[in-house]
Amino acid sequence: MHRIGVLTSGGDAPGMNASIRAVARTALYHDLEVVGIRRGYEGLLEGDFVPLTRSSVGGIILHGGTILRTARCEAFMRPGGINAAVSKLKENDIDALVVIGGDGSFRGAKELADRGVKVVGIPGTIDNDMAGTDCTIGFDTACNTALECISKLRDTASSHDRMFIVEVMGRHAGFLALETGVACGAEFILVPELPVDLKAISDKIHYAKQRGKTHSLIVLSEGVMHAAELAEKLKGRCDYDPRIVVLGHLQRGGAPSCFDTVLASRLGSAAIDALIGGRSGVMVGRVKGEVVESPIEIAWTEKRTLDHDMLRLVDMLSI
C-alpha cells in the first residue's frame, strides 16, 4: 500500500476538515501518498482527484464544511457504478480509501469493500444516528449552534409572551432535539421516538399559564412533522398563536467545536492505523472514550435512536 484516497460524502458536518487533515498527515507520517477526491463518489467516478500534502491541509482544522466538497451521487449506486469506481481507483493506483460521511456513504463504502477495495469509514453527520460510535463528527457543534439560536429566541418569547416552535434536524432520531431542548430548558421536546400527544401538550400549557408562565418553547425534530404543521394543529388548542423557526442547514455550518475537532482528528488518524494494520470494511468510532473499530455495516443495521433513559428525560423535563 502506497497511495490512499479520502473523500467526504453526503451532508457536510463540522469537523470533516479536521478529519481530512488527520488522515492526510497520519498517512504522510507513514510515507504514504494521499489523494483527495472532490465531490464524494461523484468525483470518484469522474476522476476529480487532487494530491494532499502537509501544507495543503494546513490551516483547515477549524474550518467548517469540507475542502473536498461533497455531493450525493445516484450514478454510483446504479448498475455498473460501483465497478466503474473500482476501475477508477485502480487506474490511479489508489490502494485504499477513507470515506467520511453518514450511513448512506458507508453503504457505498461497503459495496467497494465487497469488491476488494480496502476501505475504512469515519462517521460524519450532525444527526448522531450511527451505531458503532457514541458520537458522530459534527453533532456537538450542531447542538451548540442550535442552542445559541434557541437561546436568542427564548429572550424574544419571554419579552412578547409567545410560543415558539423551533424545528431542528433529525429525520429518524431525536438526538439533536433532546440535547438542545434540555440545554435551553424547552417546555416540550418532540422526537421521532415518541408519539405526539396534542392534548397533553395543550393541557400542560394551560396548567403552566395558571402557574403564571407567560411563554413557551417547543423543540421539534424534523422527523416528527414540519413546524408549520404542528403550529396549525396547536391553534385553538392553547392560548398562543405559535411562531415557527426552522433552523435547517444553519446547523451544519460554522467552525467545529473543540470536542468535534479532537474527535475528528482521533478518528482520522485511527482510520489510517486500521488500513496500515490490514483491516478493511470497518468504521472507526469513539465508544466510552476509546477509539474502536466495528464492521462498517453496523452503521445502518444497528441504527441508533434515543434509549429509554433519554426518553424518560424528555418526559420528566417537560412542563
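Predicted model: local features only at pLDDT ≥ 70, side-chain atom pairs only at ≥ 80, totals over all residues.
Helices and strands here are DSSP runs, numbered from the N terminus.

Arg 39 has a phi near 60 degrees, a positive value in a residue other than glycine. The relative accessible area of Arg 39 is 17%, and the cut-off for buried is under 20%, so Arg 39 counts as buried.

A second residue to look at is Asp 93. Asp 93 is not a glycine either, and its phi is positive, at about 55 degrees. Asp 93 lies in the loop between helix H4, 81-91, and strand E4, 96-101. With a relative accessible area of 43%, Asp 93 is partly exposed.

Now the aromatic rings. How many aromatic pairs does a search of the whole structure find? The search gives 2. One is Tyr 41 with Phe 76, a stacked pair, 4.0 Å centre to centre with 5 degrees between the planes. Tyr 41 is buried at 4% relative accessibility, and Phe 76 is buried at 1%.

The other pair is Phe 139 with Phe 175, and the geometry is edge-to-face: 6.5 Å centre to centre, 85 degrees between the planes. Here too distant parts of the chain are linked, Phe 139 in helix H6, residues 139-160, and Phe 175 in helix H7, residues 175-184, 36 residues apart. Both Phe 139 and Phe 175 are buried.

Note on methods. Residues numbered from 1 in each chain as written. Heavy atoms only, no water. Phe/Tyr/Trp six-rings, centres within 6.5 Å; stacked < 30°, edge-to-face > 60°. Buried < 20%, exposed > 50% of the residue type's maximum accessible area, 1.4 Å probe, protein only. Helix = DSSP H or I, 4+ residues; strand = E, 2+ residues; numbered from the N terminus.
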